Each structure stands twice: as C-alpha cells, then as structure tokens.
Amino acid sequence: MAPVTMIPQIKISERNKLLLLSLATGVCSGLAAVLLTWSISFVGSHLGNVFPGRDSNWIYLLLPGMGMLIAYLLVRYVIRDNIGHGVTRVLVAVSRNESRIKPHNIWSSVLTSSITIGFGGSVGAEAPIVYTGAAIGSNLGRWCGLSHRSVTILLGCGAAGAVAGIFKAPLAGVLFTIEILLFNVSMSSMLPLLMSTISATVVAYIFRGQTPMFACDLTAFSMSNIPFYLIMGVTIGFCSLYFTKFTLWLEDRIGKIGNGYLRWLICSAGLGLLIYLFPPLYGQGYDSLHALLNGEYAGLPLFFVLVFLFKVVAMTLTNAGGGVGGTFGPTLFEGAVMGFVVARFINMAGGDVPEANFVLVGMAAMMAGVMQAPMTAIFLIAEISGGYGLLIPLILTSTVSFGTVRIFEKYSIYTKRIAQSGDLLTHDNDQAVLALLQTRDLVRDKYPRVGVDSTLGDIMKTVSESTAAVFPVLDSDGRFQGVLEMDDLRKYMFKPGQYKSLRVYNLMHDAPVCIEENEKMDSVVSKFDATDAWRLPVLDTDGKYLGFISRSRLLMAYRSELKEISSED
C-alpha cells in the first residue's frame, strides 16, 4: 500500500487574512448597495402600477404612511431591534460593543429602508447601507476569528465599501470612514480600506453603469464668483446648524409619545400633508435634485425655501414614525436646494452665477456642516458629478461652512448624542482611550472587608493575615460605610486593653469620593485628579461595595490601550 501523503495546512497570517476579507467585504457591500438601489426602484415602480394616479398629489397623503407602518411592524415583530440612525449605531458599536454588530443588520436595514423610501418616506438610503456594510465587515471578521482591532478595520471597510457602492465614489468611501467612523486609522489600515472601496465601486459599475450619479453640464469656475461662494458657505453653515439642532430637538419631542401606533399615526399624517403640499419632499428627492442641476425650475425661489425648511420635518417624521432611513441623503438634498436658492437670489439681484454649479457646491457645503466631514463632502461631490473642475469652490465653500458650524457646535448630527453619553471616540487619542476604558474592568476586590460594628479585637486576625494597606468598611447589607487604613490602626494594635472598647466606626474615615460602577472614565480620572487619592471605592447603584480602583491600575490600563490604538502593523 502506498504511503498516505499528508496535505500541508496553509497558514494565513492575520494581515493577509484581513486583506482577503477586505476584498470580500467590498464585493458584498457593493452588492448590498446595488440591491438596495434596485429594491427602492422596484417598490416605487410597482406602486406606480398599483396607483396609476400618482401624478395627483392626493396619493401622497397615503403612501408614505403605509410604508412607515410596514417598516414599523417588521422592526417591532420580526427584527425586534432598533435599527434606525445607522451611522450613529455603527459609531456606538465601535465605542461600546467591541465593533460587534448583530448579523440581522446585514439584511434588516436593506429590507426596511427599501420599503420606507420606496413608499415615499422622506429619508435617505445611505445611512442604512452604511449600517449594512459595517455589519457585513463586523460579522465576516468575527466569523473568521480576527482580533478586535482587525474586526474594527473590517467594519470600516464595510462602511467604506457601502458608501463607494451606493455613490460609485471610492475615494469618498475611504474619507467617510476616516473622518466619521474610525477614530484612529494608521497607514497600515489604508490598504484594506482602498481594496474594499475599489471592489465595491467595480461591482456598482458592473450593475449600474459608470455614469456619475449626478452627471451634468457645468460652467467653468470663475474667480469672480469667489465672493458669492463665500456668502453661500456662511449661509449654508447656519442652515446646517438648523438642520442638526432642529432634527435632534424634534426627535426628542416625538420620542416622548410612548404609544408606537399613536406615534406612527401622528407622524404619517404630518408627513403625508407635507408631501401633499410640497411634492419634492417625496422619497429621497433625487428627481428634484436632477431637475435643479439641469435648470428646469424658473421663477421665484421662495417655494424651495419652504421645501428646505420642511424637509427636516419630513425626514424626522419618517424616522420617528417607524420608517427606516438616514440623514445622509436629505443632507445632500438640502444642500442642493439651498445652493439653488442662493444662486437664484444672486441672479435676481443682478448677478450672473451658474446655478448648477451652486447646486453641487451647496451639496458639499451642507454635508461639511451637518456631518462635519469636509474632506468627504469635497471629494464625494466631485466624484458623483464628475465635477473636479469645481474643486476650488468645493474646498472653499465646504471649509467656510464647516468653520461656521464649528463656532457654535462641536459635534456632528451623528456624534452629538454619543458625545453627551461620553462614549464618543474621536481623533484625539487621549479622549479615545478614555472612551474605550470601562470602569468595571478596572475594579479589584482583593481587600478584606470589615464590619462597621466590629471591635478592634474582632478584626485583628484579619488585619494580621493580610498584606493590604486599606480595608473597606461595610454594614450588614454590604453597603459601603468608609475606609479603614493601616495608619488608622497602627497606634492601637499593641494596646490589647482597647480591643473590646474600640469599634471600627471609631477608627474609620470617609473615602474622599466614591465611583459608580458604570461611571465614564473621564469622570473617574477627574475624581482622581481632584482628590489626589491613590485608590477610590467603586459602588453599585444601591451603594454596595464592589472593590477599589487604584491610580496605578488606571495608568497601566490607559498606557496599554493607548499603545494598542496607536500601534502600526
């Protein structure tokens, strides 16, 4: 019998595995983007067959609400998870959940957003596809046993691929991930991101053609229009503030309606009425955007001023009423509308500026202000329009809009709520490390406990057998009462006559301050700085003792985390 030849096992390094998976993630994200685009078109076109009277505005009163209801029922009874605000949830996954995104997000956002937008919900498809792409990358990485750091990079690859696939804009996909999602991208992470976006773009080209999304005839840039671009940058900066602040305020107000069906009823009625009065609010609004680019609107721009103001309301009603969609698309729509309004007013005042140029540049300015991602805005608009000839006004207007917003608002629409909770990861390594560290992971319970009513004699055996320098004092229910230190005991240890008369409550002292088990790390650090303590007790919500956090352990954890996020492969 011939000897059996063992087939050698091929071992792939994690680095090479990451590169292969980034390519696969890009392909899958690109396919998901194509599927979402087709699904929205499919739903919309079939509704046109079912409701042939869609040219009459009355149908707008019904369709968006129907789509919101279907999406709401799917989320509540089938998916059973909150899948709204996709980009924000990706950020939360990176900061809180070790880049873990549930597997259902690979399909759930595509399904529900297709229905929401296909029926006319006034939201965008881009945030749901970012959530989908991130879920693809996160789950592929975990299924293949990658480290946490590699899973995070792969999550970014999925999000980058999704942006590249939906817009056919590879560079914008990379910049989106760097500016918005991943707080620390090293040069070694760039290759996976580029492979993901290129593969997703190629997939989009195969199925949707190579024509840019908003291709149009543009007028050559003129230096004489720079003052007008500056004016538009400031104007759209303030418009971006309105967009962000009013959206978050209105979401909070509607969120106070506890009954989901009542919330849907109110939101669908309001949305239907708005779309009835202002048809450009129907769906993503890209048909109107194309019309603006091609100069199909004449007359006064006041109608579009109202469209701009109410688009924010329509978008928020759609999401709050049970629909699933994002703010990415509405941001582009709002920028285009305001760019048109500014250009039309300038021309009415005797100027002569190219309105199509201002429409495109307005999209970038609004995106830079709302998302606070100017580089993504500049190159996204250049890629989706073929308008690299407008690079100077794109840079100028986006920078001015971004700068205007930053004077009044530090956070973007995606990061505002996360920052308020203290979980936001930023490009500031110090803040990123503090957001990553968890208080409960630093607690150590190696200190012998003593009862508050115990006598000195009762605790002497415990003290003599321990090397600890501090002892937590607890009551009979385990609630923290104070701290007993060796320095407090030393002068009584050799006085047996007082062993029965002295009790722990005579010897202990209060802790300088206590830490809550779920307290944010920046607050913990502040307490150490304020008290100059070496160790502080950690309590649960009922005041029960859990352990101590020492300054040395905190510094070691900080150093370790900083080294990890700053490391280069």
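A salt bridge is taken here as a side-chain nitrogen of Lys or Arg within 4 Å of a carboxyl oxygen of Asp or Glu. The structure is a predicted model, in which local features need pLDDT of at least 70 and side-chain atom pairs count only at pLDDT 80 or more, while totals for chains, interfaces and linings use all residues. Residues are numbered from 1 along each chain as its sequence is written, and side-chain values use heavy atoms, with hydrogens and water left out.

The overall figures come next. The protein chain has 569 residues, of which 55% count as buried; buried means under 20% relative accessible area, exposed over 50%, and partly exposed in between (1.4 Å probe, protein chains only). Its secondary structure comes to 23 helices and six strands, where helices (H or I, at least four residues) and strands (E, at least two) are DSSP runs numbered from the N terminus. A contact is a pair of heavy atoms within 4.5 Å. Among contacts in the protein chain with a separation of 6 or more, 75% come from residues 24 or more positions apart. The chain exposes about 24900 Å², and carbon and sulfur atoms supply 60% of that area. Accessible areas come from the Shrake-Rupley method with a 1.4 Å probe, and for residues only the protein chains shown count as cover.

Back to the charged pairs. Side chains of opposite charge can pair when their charged atoms come close. The count of salt bridges comes to nine. Glutamate 409 counts as buried because its relative accessibility is 5%. Together with Lys245 and Lys416, Glu409 belongs to a network of salt bridges. Aspartate 477 and arginine 479 form another pair, at 3.0 Å from N to O. Aspartate 477 is partly exposed, with a relative accessible area of 42%, and arginine 479 is partly exposed as well, at 34%. A further salt bridge joins aspartate 532 to arginine 551, with the closest N and O atoms 3.9 Å apart. This pair links distant parts of the chain: aspartate 532 is in the loop between α22 (521–531) and β5 (535–539), and arginine 551 is in helix α23 (residues 551–566), 19 residues apart. Aspartate 532 is exposed because its relative accessible area is 64%, whereas arginine 551, at 18%, is buried.

The loop between α16 (391–408) and α17 (416–421) holds serine 412. Serine 412 has 5% relative accessibility and therefore counts as buried. Apart from its neighbours within four places in sequence, serine 412 is in contact with Val370, Met371 and Gln372. The C-alpha atoms of serine 412 and glutamine 372 are 5.5 Å apart, although 40 residues separate the two along the chain.

Threonine 316, in helix α12 (residues 302–320), is also a buried residue, since its relative accessibility is 1%. With neighbours within four places in sequence set aside, its contacts are Thr247, Leu250, Glu251 and Ile254.

On the surface there is a nonpolar patch formed by Leu23, Val27, Leu31, Trp38, Ile198, Val202, Ile206 and Phe207, with about 720 Å² of accessible area together. Patches are made of residues with over 30% relative accessible area and no salt bridge; like charges are joined within 9 Å, and nonpolar side chains (Val, Leu, Ile, Met, Phe, Trp, Tyr) within 5 Å. Helices α1 (14–50) and α8 (187–208) each supply at least two residues of the patch. Isoleucine 206 lies in α8 and is exposed, as its relative accessible area is 60%.

The last region contains a sheet. Strands of a sheet pair through backbone hydrogen bonds, either parallel or antiparallel. Three strands form an open sheet in the order β1-β2-β3, with mixed pairing. Its edge strands, β1 (450–451) and β3 (480–485), each pair on one side only. Two strands are said to pair if DSSP finds at least two bridges between them; strand β2 (residues 470–474) and β3 pair in the antiparallel sense over five bridges. Valine 470 has glutamate 485 in β3 as its bridge partner. Serine 464 is in helix α19 (residues 456–464) and counts as exposed because its relative accessibility is 58%. Serine 464 and methionine 493 are 29 residues apart in sequence, and 9.8 Å apart in space from C-alpha to C-alpha.
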